[in-house]
Amino acid sequence: QVQLVESGGGLVQAGGSLRLSCAASGRTFSSYAMGWFRQAPGKEREFVAAIKWSDGNTYYADSVKGRFTISRDVAKNTVYLQMNSLKPEDTAVYYCAARRRLGIAVVSTDYDDWGQGTQVTVSS
């Protein structure tokens with residue numbers, strides 16, 4: 001089991017930037033990939049970005065490609081999501097997730113551990 005705590009959410013104007021952090025503890029050595037998902041009111045949870053822990057290989061949803069960057073600090077057991085050029089449609093609760101199986105996944109059911117989420121609100 002991996003414990004995950006997100007931080008860095010808040011209110012920002014369209015075109016602005018935020019950086020989310022996810023601090024991991026517990027059996028972090030068993031995590032093979034980390035992902036970010038988001039869920040807006042009335043919508044299903046959707047994939048945002050993922051990173052392979054060992055080599056830093058990344059994958060992004062088309063909706064955020066070129067605007068968001070996922071990265072990790074292995075020594076700090078922390079994954080980040082740098083969000084630039086934010087749009088109102090990016091408004092959602094953002095969740096950090098850990099996958100304890102080989103490979104990068106883009107659906108929520110393929111992840112094993114989840115954080116509590118952090119609210120991101122982008123105003124027009």
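Predicted model: local features only at pLDDT ≥ 70, side-chain atom pairs only at ≥ 80, totals over all residues.
Strands E1 and E3 run antiparallel and are joined by six bridges. They belong to an open sheet of four strands, ordered E1-E3-E8-E7, with antiparallel pairing. Because E1 and E7 each have a single partner strand, they stand at the edges, and one side of each is left without a neighbour in the sheet. On average, and ignoring direction, neighbouring strands of this sheet are turned by 20 degrees against each other.

Now to the core. The largest nonpolar core has 34 residues, and those with the most contacts inside it are Met34, Trp36, Val79, Leu81, Met83 and Tyr94. Among the elements that give two or more residues to this core are strands E1, E3, E7 and E8, and also E4, E5, E9 and E11. To take one of these residues, Met83 touches, leaving aside residues up to four places away in sequence, Leu18, Leu20, Phe68, Tyr94 and Val120, together with Gly16, Ser17 and Arg67.

The side chain of aspartate 113 makes a polar contact, at 2.7 Å, with the side chain of arginine 100. Beyond four places in sequence, the residues that aspartate 113 touches include Gln1, Val2 and Leu4, as well as Cys96, Ala97 and Ala98.

Definitions and conventions:
Residues numbered from 1 in each chain as written. Heavy atoms only, no water. Core = buried A, V, L, I, M, F, W, Y, C linked by side-chain atoms within 4.5 Å. Buried < 20%, exposed > 50% of the residue type's maximum accessible area, 1.4 Å probe, protein only. Contact = heavy atoms within 4.5 Å. Polar contact = N/O pair within 3.5 Å; in protein donor to acceptor, adjacent residues only side chain to side chain. Pairing = 2+ DSSP bridges. Axes fitted to C-alpha atoms, helices over the stretch in contact; angles between N-to-C directions.
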